[in-house]
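Hi everyone, and thanks for coming. Please have a look at it while I talk.

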Amino acid sequence: MRTLGEPVVDALEKLGFGFRFLMAVLWHSATALRRFSLVVREIYFTGVLSLLIIMVSGLFVGMVLGLQGYDTLQRFGASEALGVLVALSLLRELGPVVAGLLFASRAGSAITAEIGLMKATEQLAAMEMMAVNPVARVVAPRFWAGVISMPILAALFSAMGILGGYVVGVVLIGVDAGSFWAQMQAQVDLYNDIGNGLVKSVVFGVAVSIIAVFEGFDAPPTAEGVSGATTRTVVTSSLVILVLDFILTAFMFRGV
Amino acid sequence: MNRRVYDFWVGVFVMLGLASLAFLALRVSNVSNGGSKATYRVTAAFDNIGGLKARAPIKSAGVLVGRVAGISLDPVTYRAMVALDIEQGYHFSRDSSAEILTSGILGDQYIGVEPGADETMLKNGDRITLTSSAVVLEKLISQFMFSKAAENPAQPTTAP
């Protein structure tokens, strides 16, 4: 009974601490946002440095969608609907989710490792000694940088994916370009599809960022502890993204 | 790296994000043809609307003239009441007819408006009386099967 209960108690304890931590980050955000240059620097590390992987992945995901979608649609003589298929699957699901997963593994893990290492080398303790609050100085800028970068990256991912679908569908296979775009424009709704996709990516950004800074802040100050925390960031945030995606989809696209 | 380098790259990043959002909004979505044009509303009652949905297009001679605003079931006649928002620029006579059509085999259903010959035009709040329902494939098939069965009634098995 005890061996069974202990992990549950531990997990709940961690969740409680995590919630308290989130509140602390939000409380100290005002300081970080007032010194916006700190956030800009972190946007460079989380957002700009993730650009390459996001854009290349988006392009190739779109190209695969174009190939697979064409293969299936042309059996029903509906290959003009390729644009709709590529756009809707990217905007509603793949854009936010795959960009979120990539963001967690590229930027989230880096944030955790950085904060964990700062803790292990006692930089955070030194800050507290100098009456600088590490949550305001280190954690909050990284959190907000993640929240700001994620929707931009997801939008870029979707846009690159649609271009990839266009390259494969129209340029390589020869679907009519006019009907590719026209059917897409007829079916994709600005608020229902693009707006909800954007909301999803913001939610994923908040989730991944808070998990990443929390795991870094909570990491045992050893090499092993930091590496474990980095792994946990990727695993936890990937699972959280997929679960949240299911919940959000159930809310958003019911009956559309 | 100094602050100006970060600022530059973050600026590029934000510009890219805005550009891709603009691309998605203007090139991919319906914002360019969906615009908020002034419309007037008429209703039409159908026996069966098949798979018609709200926001489905209304076309006349293949040209988009409006969109379906809402669908409800009349509690008295048990017919489907469809509210049609037709753009102000298009006028149809009172005896126009509306039918539910399907674009292609896999396409969505839409409403086709066939203009009549009456002098007075439909205005806000009017009802289109001449309607024909959606073609329901199952009904068609069963009708076909029954008519086939009626054509050649069970042939007597001729014993050798």
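Let's begin with a pair of helices in chain A: the axes of α4(A), residues 82-120, and α8(A), residues 190-218, come within 8 Å and cross at roughly 15°. Helices here are DSSP runs of H or I with at least four residues, strands are runs of E with at least two, and both are numbered from the N terminus. The axes are lines fitted to C-alpha atoms, for helices over the stretch in contact, and angles run from 0 to 180 degrees between N-to-C directions. Angles under 35 degrees count as roughly parallel, over 145 as roughly antiparallel, 65 to 115 as roughly perpendicular and the rest as oblique. α4(A) and α8(A) are therefore roughly parallel to each other. Their crossing is right-handed, where right-handed means that the near helix is turned clockwise from the far one by less than a right angle, and left-handed means anticlockwise. The contact of α4(A) with α8(A) has 14 nonpolar, eight polar and seven charged residues. For these classes, Ala, Val, Leu, Ile, Met, Phe, Trp, Tyr, Cys and Pro count as nonpolar, Asp, Glu, Lys and Arg as charged, and the others, Gly among them, as polar.

A quick word on the source: this is a predicted model, where local features need pLDDT of at least 70 and side-chain atom pairs count only at pLDDT 80 or more, while totals for chains, interfaces and linings use all residues. Residues are numbered from 1 along each chain as its sequence is written, chains are lettered from A and ligands numbered from 1 in the order in which they are written, and side-chain values use heavy atoms, with hydrogens and water left out.

How many helices and strands are there in chain A? There are nine helices and zero strands, and the C-alpha trace of chain A spans about 70 × 50 × 30 Å along its principal axes.

On a 1 Å grid over the protein atoms alone, a cavity is a set of points where a 1.4 Å probe fits but cannot get out, a pocket is an open set with protein on both sides within 12 Å along at least five of seven lines, and lining residues have an atom within 4 Å of a point. Grid points are joined across faces, edges and corners, and a volume is the space filled by probe spheres set on the points.

The whole structure has one cavity of 30 Å³ or more, and about 90 Å³ of space lies in the largest cavity. Which element gives the largest share of its lining? That is α8(A), with five residues. Chain B takes part too, with B:Leu21 and B:Leu24 among the lining residues. By class, this lining has eight nonpolar, three polar and one charged.

Finally, the sheet in chain B. This is an open sheet of eight strands with mixed pairing, in the order β7-β1-β4-β3-β2-β6-β5-β8. Two strands pair if DSSP finds at least two bridges between them. The edge strands, β7 (127-128) and β8 of chain B, each pair on one side only.

Look at β5(B), residues 97-102: this strand pairs with β6(B), residues 109-114, in the antiparallel sense over six bridges, with B:Leu101 opposite B:Tyr110. β5(B) also pairs with β8(B), residues 130-132, in the parallel sense over three bridges, and there B:Ser97 stands opposite B:Leu130.
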